[in-house]
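Hi there,

Here is the structure I promised to pass on to you. Have a look at it first, and then read my notes below.

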Amino acid sequence: MTPATVIIGTFGAAPIIWSLIISFQNDNGLSSSAPFAGLRNYRAIAHDPVVTQAIGHTLVYTVLFVPLTMVVGLFLAVAMNRKLRFMWVYRTAAYATMAISTISEALVFIWLFDPSYGIVNYFFSLLGIPQQQFLNSPSEALYVIVVMTIWGWSGFAVVIYLAALQGIPQDLTEAAAIDGCGAVARFRRITLPLLSPASLFLAVWLTINALQLFDEVYLSTQGGPLGATTVLVYYLYEQAFVNFNFGYASAIAYLLFVVILVITAIQFRVGRRFTYYRS
Amino acid sequence: MTAVTAAMAGRKSRWPFSPWHLVLIPATIVLLFPFAWLIVTSVETPAEALHFPPDLTPHVIRFSNYSAALGAAPFGRFFFNSAVVAVTTVLCNLVLCALAGYAFARFRFFGRTALFIVMMATLMVPFQVTMIPQFIITKWIGVNLLAGAGIGHIGALIVPNAATAFGVFFLRQFFRTLPIEYEEAARVDGASRLAVLLRVVLPLSAPALATLAALTFLDSWNNFLWPLIAINSTNASTLPLGLATFQGAHSTEWTLLMAGNVMSLAPMMVVFLIAQRYFVRSVAATGLTGT
């Protein structure tokens, strides 16, 4: 028994079973004994409109955030995959987003998107777009969070795609160019398929993180306005550490776990069909 | 550059510079703009910051917001806590994950496969599933075993992350790629297993250890949810938690908030810029192991 297995067992493995047990209890986190509740927590989830909404917000967020981040990352990585003057400036600018914490990132974006004094509304006014309420608006807040997290994750996506692009042997694209294959066709027929393992990895990784969105919501909207940004993990946090409904929160955590497992499994299943491994 | 790409590049020579700059410059401006605006706001007066339409340049550069932010919240303390937690977590992970990773890579012992599967299972489970029991366990440890590792102390941020399944798995995979002959030769010469690990295996593993260190450091430094749950005082707050609390208390004082934000992100930014290659290679490695 190494110390590492003790720590991982105590804080990683045992809590998996323990939280499953808690999810069948009426645990309020304060009293020492928790009465057995059977499936009551899970039945309550099925009838809780906030859970349904939270799942909806989480899925909308994920469906927007994951592909957009991948497209931004791919675009930047392709542009940066060449020898140019000042390339180190461009790359450093993209990488720098990896060094900023989610809290710092959210705080900057709350200010950029401030309805009264924010600079985004100023840019909008220059373009003749009316002033927006952004994070104060139930119909816009979630999209502002999508924008800030795309910015925050773009550096990560660039690093992954750039590493994959640099692994593509030049003779493949050159041979296609000699055969008269245009730049667009080369990109679609050669580069994209060879990037597919990196794309699958990014899709899975970003999705897992998107489904666990919390920090930005906590700082910028606290789930509001009018519950418009209450995502699953934010609701779970509120139930667990604001209301101290440990039993109910654990049941939601297991729901989240199942959602992540199912979506990841689908991604791997579908991804396998489109993924090309050279070796 | 081979002949073909040279010919393709030559064809575009009617441009005085590569057209890709026309794509990259606007993209870089968008990427850097939040940083720039953050810094601009942090040296403005409140009247300038709350002026609409905004002035794109501050009239006078002044640092009084920084001293005001330092007076309102102990950012030095937050930085110290973050640094202690991150450095200790990295060191613990390097030592503990190397020991366990080596055991899983090279030793045959009863239950090895079962133990390994359990360990891998924890990698798949989101933190939100384990955080409630982790909170209860940490609280119990603080009351019964070691106060400094209990809820409200920075030890609570270190102990649960002192070894990670990712670290053990990552190093095990790396150790298995090393040629076993060196280790066998050292054993024949009478070296103990620990000596083999310290003198033979670890010196060959510097790139993997560096990657693990970089990833663990970034994770620990930016972690928010667990500190939010486990820490309940300003004194024990890390930078993200301290900054979030600071924002809660001064939510409309933008110049103050941005000065605090600059102080919160500057240390990591400096470390990152100095060791950029090393961080980037580490993050790229997660992609390569994942695919």
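This is a predicted model: local features need pLDDT of at least 70, side-chain atom pairs count only at pLDDT 80 or more; totals for chains, interfaces and linings use all residues.

**Chain A overall**

Chain A is built from 12 helices and has zero strands. Its C-alpha trace spans about 75 × 55 × 35 Å along the principal axes. Of the 279 residues in chain A, 45% are buried. If you look at contacts in chain A with a separation of 6 or more, 71% of them link residues 24 or more positions apart.

Helix α5 of chain A, residues 102–112, has 11 of its 11 residues buried, so the rest of the structure largely encloses it.

**The core**

The largest nonpolar core holds 161 residues, and the members that touch the most others are A:V159, A:I160, A:Y161, A:L236, A:I252, A:L256 and B:A163. Helix α7 of chain A, residues 141–166, gives the most to this core, with 18 residues.

**Where the chains meet**

How many residues of each chain are in contact with the other? On the chain A side there are 76, and they meet 71 residues of chain B. Helix α1 of chain A (residues 3–22) supplies the largest share of chain A's side, 15 residues. By class, that side of chain A has 57 nonpolar, 16 polar and three charged residues.

**Two helix pairs**

The first topic here is a pair in chain A. Helix α11 (residues 232–241) and helix α12 (residues 246–274) of chain A pack at an angle of about 160°, with their axes 8 Å apart. Angles over 145 degrees count as roughly antiparallel, and α11(A) and α12(A) are therefore roughly antiparallel to each other. Their crossing is left-handed. From α11(A), the residues in the contact are A:L232, A:V233, A:Y235, A:L236, A:Q239 and A:A240, and they meet A:F246, A:Y248, A:A249, A:I252, A:A253 and A:L256 of α12(A). That contact has 11 nonpolar residues, one polar residue and no charged ones.

The axes of helix α5 (residues 75–106) and helix α9 (residues 165–177) of chain B come within 8 Å and cross at roughly 55°. α5(B) and α9(B) are therefore oblique to each other, and α5(B) passes α9(B) in a right-handed crossing. The α5(B) residues in this contact include B:N93, B:C97, B:Y102, B:F104 and B:R106, while α9(B) contributes residues including B:L171, B:R172, B:F175 and B:R176. By class, the residues of this contact divide into nine nonpolar, three polar and three charged.

**A buried residue in chain B**

B:I158 is found in helix α8 of chain B, residues 155–158. Is B:I158 buried or exposed? B:I158 counts as buried because it has 20 C-beta neighbours inside 10 Å. Not counting residues up to four places away in sequence, B:I158 touches B:V85, B:T88, B:T89 and B:C92. The C-alpha atoms of B:I158 and B:V87 are separated by 9.6 Å, with the two residues 71 apart along the chain.

**Backbone details to check**

Most residues other than glycine have a negative phi, and most peptide bonds are trans. Here are some spots in chain A to look at with that in mind.

- A:G224 and A:P225 are joined by a cis peptide bond, with omega about -10°. A:P225 lies in the loop between α10 (215–220) and α11 of chain A.
- A:F86, which is not a glycine, has a positive phi of about 65°. A:F86 sits in the loop between α3 (49–80) and α4 (87–96) of chain A, and is exposed, with 11 other C-beta atoms within 10 Å.
- A:F134 also has a positive phi, near 45°. Its place is in the loop between α6 (119–126) and α7 of chain A, and A:F134 is buried, with 22 other C-beta atoms within 10 Å.

Technical notes: Residues are numbered from 1 along each chain as its sequence is written. Chains are lettered from A and ligands numbered from 1 in the order in which they are written. A nonpolar core is a set of buried Ala, Val, Leu, Ile, Met, Phe, Trp, Tyr and Cys residues joined through C-beta atoms within 7 Å. A residue is buried if 20 or more other C-beta atoms lie within 10 Å of its own, exposed if 12 or fewer, and partly exposed in between; C-beta atoms are placed from the backbone. Helices (H or I, at least four residues) and strands (E, at least two) are DSSP runs, numbered from the N terminus. Two residues are in contact if their C-beta atoms, placed from the backbone, lie within 7 Å. Ala, Val, Leu, Ile, Met, Phe, Trp, Tyr, Cys and Pro count as nonpolar, Asp, Glu, Lys and Arg as charged, and the others, Gly among them, as polar. Axes are lines fitted to C-alpha atoms, for helices over the stretch in contact, and angles run from 0 to 180 degrees between N-to-C directions. Angles under 35 degrees count as roughly parallel, over 145 as roughly antiparallel, 65 to 115 as roughly perpendicular and the rest as oblique. A crossing is left-handed if the near helix is turned anticlockwise from the far one by less than a right angle, and right-handed if clockwise.
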